[in-house]
Amino acid sequence: MNMYKLVLLTTIFLLGLISSKINAQSPLPIHLGIKGGSNYSELPVSEGFSSEYAAGYFGGVMARFDFKRFYIQNEILYSEKSSKIEKTTTAASKNAKWKSIDVPLVIGYKVVDFSTLNVRVFAGGVYSYVLDENFSSLNQLKNAYNTFDKSNIGYQVGAGVEFWKFTVDFTYQGGLNNVSKNFNSKPNSFNIGVGYFFL
């Protein structure tokens with residue numbers, strides 16, 4: 001009887017070691033983390049004005065589901081964006097600013113995939129809801145954007161590098177619909193983000 005117990009305990013111990021080894025080599029496919037960075041945005045404006053890129057920032061949370069080399073990543077980000085606006089008839093320029101909640105959803109592929117390092121490419125869509133906008137610096141511009149559409153849909157493409165739990169992404173984001181029904185105006189931005197997966 002004691003021999004059976006010894007064999008049983010030894011088997012359980014060995015199975016425990018094998019299981020822990022497998023788990024150590026096969027991380028969970030679901031990861032959660034935080035992300036922040038800077039954006040460089042441009043807002044095309046109505047006739048009589050010109051626009052240039054200006055700096056802003058963003059921050060929020062992200063979740064990723066891995067399937068071998070492919071993955072799906074979703075983010076919820078608070079963004080503050082800005083675009084330099086200049087009236088073509090004068091030398092005066094001001095920054096138009098807007099705050100939004102951005103929800104990107106992308107599908108990615110790991111071009112290089114090691115245990116502690118990967119290089120990725122990705123593409124997908126992004127939904128943005130504008131919380132607040134400030135175009136009061138130029139009255140004519142403010143009047144043109146009185147019908148500012150708070151809900152916007154866009155797309156994004158990018159590439160990233162990941163080392164251990166840290167990640168760096170370079171993204172281009174463009175608008176698919178106009179921010180105003182009165183004229184063509186699709187915002188776009190270049191984003192640089194740094195993230196950390198704590199799970």
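**Entry 1: Q173**

I started with Q173 and found it buried, because its relative accessible area is 9% and buried means under 20%, exposed over 50%, partly exposed in between (1.4 Å probe, protein chains only). The model is predicted: local features need pLDDT of at least 70, side-chain atom pairs count only at pLDDT 80 or more, and totals for chains, interfaces and linings use all residues. Residues are numbered from 1 along each chain as its sequence is written, and side-chain values use heavy atoms, with hydrogens and water left out.

I placed Q173 in strand β7, residues 166–175. Strands (E, at least two residues) and helices (H or I, at least four) are DSSP runs, numbered from the N terminus.

Which residues touch Q173, apart from its neighbours within four places in sequence? I listed the contacts (heavy atoms within 4.5 Å). Among them are K81, D102, V126, Y155 and N191.

**Entry 2: Y155**

Is Y155 buried or partly exposed? Y155 is partly exposed, because its relative accessible area is 33%.

Beyond neighbours within four places in sequence, Y155 contacts G124, G125, V126, Y172, Q173, G174, G175 and L176. Y172 is 17 residues away along the chain, and the two C-alpha atoms are 8.4 Å apart.

**Entry 3: the whole protein**

I counted 2 helices and 8 strands. Their order from the N terminus is α-β-β-β-β-β-α-β-β-β. Of the 199 residues, 34% count as buried.
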